[in-house]
Amino acid sequence: MQPLVSVVITTKNEAHNIERCLQSIALQTYANKEIIVVDNFSTDDTVAIAARYTNIVKQKGPERSAQRNYGMKELAGGKYVMYVDADMILSPTLLAHAVAAMEQGVVALHLRELVLGRKFFSRVRRFERCFYDGTAIDGARFF
């Protein structure tokens, strides 16, 4: 049997992003996964959208690192845990490749993030990210 992967998503008023993120996780080729959403008391439809994809939707604040730690330490049941932001979209085989690497003895993985979009600020953010990709600012996401 495949090891369970817990995917933790931190949110706050992400109704405009969260569904694409959740769909990309649901459509992974790797089947044995649980989705955990840790919301920071959103006032939009974030929680309702998340509840359509998982029954593990919890509230925690005051900020993203507290949410992430709560999800990974207190809620995750997987052998492996991954955290993502609500505006991220995962490629369909990401979890399968990450688990394969971990099963070969890798301790943690930094997963490169590509900022999508063609507008000016999307291009600026994409350019900015190239300076700290893989650094302590943007560290490991799969453990």
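A residue counts as buried when its relative accessible area is under 20%, as exposed when it is over 50%, and as partly exposed in between (1.4 Å probe, protein chains only). By that rule Glu34 is buried, because its relative accessible area is 16%. The model here is predicted, so local features need pLDDT of at least 70 and side-chain atom pairs count only at pLDDT 80 or more, while totals for chains, interfaces and linings use all residues. Residues are numbered from 1 along each chain as its sequence is written, and side-chain values use heavy atoms, with hydrogens and water left out.

**The chain as a whole**

Let us start with the overall layout. The chain holds five helices and four strands, where helices (H or I, at least four residues) and strands (E, at least two) are DSSP runs numbered from the N terminus. Read from the N terminus, the elements follow the order β-α-β-α-β-α-β-α-α. Of the 143 residues, 42% count as buried. The accessible surface of the chain is about 8,100 Å², and 55% of that belongs to carbon and sulfur atoms; such areas come from the Shrake-Rupley method with a 1.4 Å probe, and for residues only the protein chains shown count as cover. A contact means heavy atoms within 4.5 Å. Among contacts with a separation of 6 or more, 70% are between residues 24 or more positions apart.

**The sheet and a helix across it**

The four strands make an open sheet in the order E3-E2-E1-E4, with parallel pairing. Strands E3 (57-59) and E4 (80-85) stand at the edges with a single partner strand each, so one side of each has no neighbour in the sheet. From one strand to the next, the twist averages 25 degrees. Two strands pair if DSSP finds at least two bridges between them; E2 (residues 33-39) and E3 run parallel and are joined by three bridges. Val38 stands opposite Lys58 in E3.

Helix H4 (residues 94-103) lies across E1 (5-11), E2 and E4, and runs at about 140 degrees to E4. Axes are lines fitted to C-alpha atoms, for helices over the stretch in contact, and angles run from 0 to 180 degrees between N-to-C directions.

**Back to Glu34**

Where does Glu34 lie? Its place is in strand E2. Leaving aside neighbours within four places in sequence, Glu34 is in contact with several residues, including Leu4, Val5, Ile56 and Leu75. Glu34 and Leu4 are 30 residues apart along the chain, with their C-alpha atoms separated by 7.3 Å.

**Backbone features in the loops**

Most residues other than glycine have a negative phi, and most peptide bonds are trans.

| Residue | Phi | Loop |
|---|---|---|
| Asn13 | about 50 degrees | between E1 and helix H1 (18-26) |
| Phe41 | about 55 degrees | between E2 and helix H2 (46-51) |

Asn13 counts as partly exposed because its relative accessibility is 26%. A cis peptide bond joins Gly61 and Pro62, with omega about 10 degrees. Pro62 lies in the loop between E3 and helix H3 (64-75).

**A nonpolar patch**

Finally, the surface. Phe120, Phe121 and Val124 form a nonpolar patch there, with about 330 Å² of accessible area together. Phe120 has its place in helix H5 (residues 120-129). Patch residues have over 30% relative accessible area and no salt bridge; like charges are joined within 9 Å, and nonpolar side chains (Val, Leu, Ile, Met, Phe, Trp, Tyr) within 5 Å. A salt bridge is a side-chain nitrogen of Lys or Arg within 4 Å of a carboxyl oxygen of Asp or Glu.
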